[in-house]
Amino acid sequence: QVQLVESGGGLVQAGGSLRLSCARSGSIFTITDMGWYRQAPGKQRELVATITSGGTANYADSVKGRFTISRDNAKKTVSLQMDSLKPEDTAVYYCRVSALNYSYQKHDYWGQGTQVTVSA
């Protein structure tokens with residue numbers, strides 16, 4: 001069974017940096033894309049960044065120029081480098097991996113989330 005575990009969250013002052021990492025386990029046939037999402041209290045979960053299996057990255061306008069998504073296939077991880085953090089970035093951050101199973105059916109896998117808190 002596929003599992004995703006996020007790490008690297010914590011408390012940081014505005015202007016600081018954090019690096020989130022998502023490690024996967026279990027068998028996955030073919031990964032199509034990976035992403036990071038976040039959810040602040042009282043708000044909908046929103047897309048932060050995605051990266052395709054070919055390495056193409058996309059970002060929400062609110063984080064462009066500040067966040068960088070990357071993946072390491074050998075380590076089976078996807079990371080999110082967050083620089084110049086703002087209080088508005090405070091949220092629970094979730095890792096998502098989309099993949100085909102061995103029956104060629106697409107499925108989204110989610111981690112449990114990691115808290116990021118940015119103080120003013």
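Mentor: Before we start, two strands pair if DSSP finds at least two bridges between them, and strands themselves are DSSP runs of E, at least two residues long, numbered from the N terminus, while helices are runs of H or I with at least four. This is a predicted model, so local features need pLDDT of at least 70 and side-chain atom pairs count only at pLDDT 80 or more, while totals for chains, interfaces and linings use all residues. Residues are numbered from 1 along each chain as its sequence is written, and side-chain values use heavy atoms, with hydrogens and water left out.

Trainee: Okay, how many bridges hold strand 4 and strand 9 together?

Mentor: There are 9 bridges, and the two strands pair in the antiparallel sense. Arg 38, for example, has Tyr 93 in strand 9 as its bridge partner.

Trainee: And what about strand 4 and strand 5, how do they pair?

Mentor: Antiparallel again, over 6 bridges, with strand 5 covering residues 46-52. Trp 36 has Ala 49 in strand 5 as its bridge partner. Strand 4 and strand 5 form a hairpin with 6 residues between them, and Gly 42 in the turn has a positive phi of about 80°.

Trainee: How many residues of strand 4 are buried?

Mentor: 7 of its 10 residues are, in a strand that runs over 30-39. Buried means under 20% relative accessible area, exposed means over 50%, and partly exposed is in between, using a 1.4 Å probe and protein chains only.

Trainee: Switching topic: which strands make the open sheet, and in what order?

Mentor: 4 strands, in the order 1-3-8-7, with antiparallel pairing. Strand 1 (3-7) and strand 7 (67-72) stand at the edges with a single partner strand each, so one side of each has no neighbour in the sheet. On average, neighbouring strands here are turned by 15° against each other, direction ignored. Those angles come from axes, lines fitted to C-alpha atoms (for helices over the stretch in contact), and run from 0 to 180 degrees between N-to-C directions.

Trainee: What joins strand 1 to strand 3?

Mentor: 5 bridges, with the strands running antiparallel. Leu 4 has Arg 24 in strand 3 as its bridge partner, and Glu 6 stands opposite Cys 22. Strand 3 also pairs with strand 8 (residues 77-82) over 6 bridges, again antiparallel, and there Ser 21 stands opposite Ser 79.

Trainee: Cys 22, you say. What does Cys 22 form with Cys 95?

Mentor: A disulfide, with the sulfur atoms 2.2 Å apart; the cut-off is a pair of cysteine sulfur atoms within 2.5 Å. The pair links distant parts of the chain, Cys 22 in strand 3 and Cys 95 in strand 9, 73 residues apart. With -80° about the S-S bond, the link is left-handed. The structure holds 1 disulfide.

Trainee: Is Cys 95 buried or exposed?

Mentor: Buried, at a relative accessible area of 0%, and Cys 22 is buried too, at 2%.

Trainee: Now charges. How many salt bridges does the structure hold?

Mentor: It holds 6, each being a side-chain nitrogen of Lys or Arg within 4 Å of a carboxyl oxygen of Asp or Glu. One of them is Asp 89 with Arg 66, closest N and O atoms 2.8 Å apart. Asp 89 lies in the loop between strand 8 and strand 9, and Arg 66 in the loop between strand 6 (57-59) and strand 7, so the pair ties together parts that are 23 residues apart in sequence. Both residues are buried.

Trainee: Which residues are linked in a network of salt bridges?

Mentor: Arg 38, Glu 46, Arg 66 and Asp 89. Elsewhere, Lys 64 forms a salt bridge with Asp 61, with 3.0 Å between the closest N and O atoms. Asp 61 is exposed, with a relative accessible area of 64%, while Lys 64 is partly exposed at 49%.
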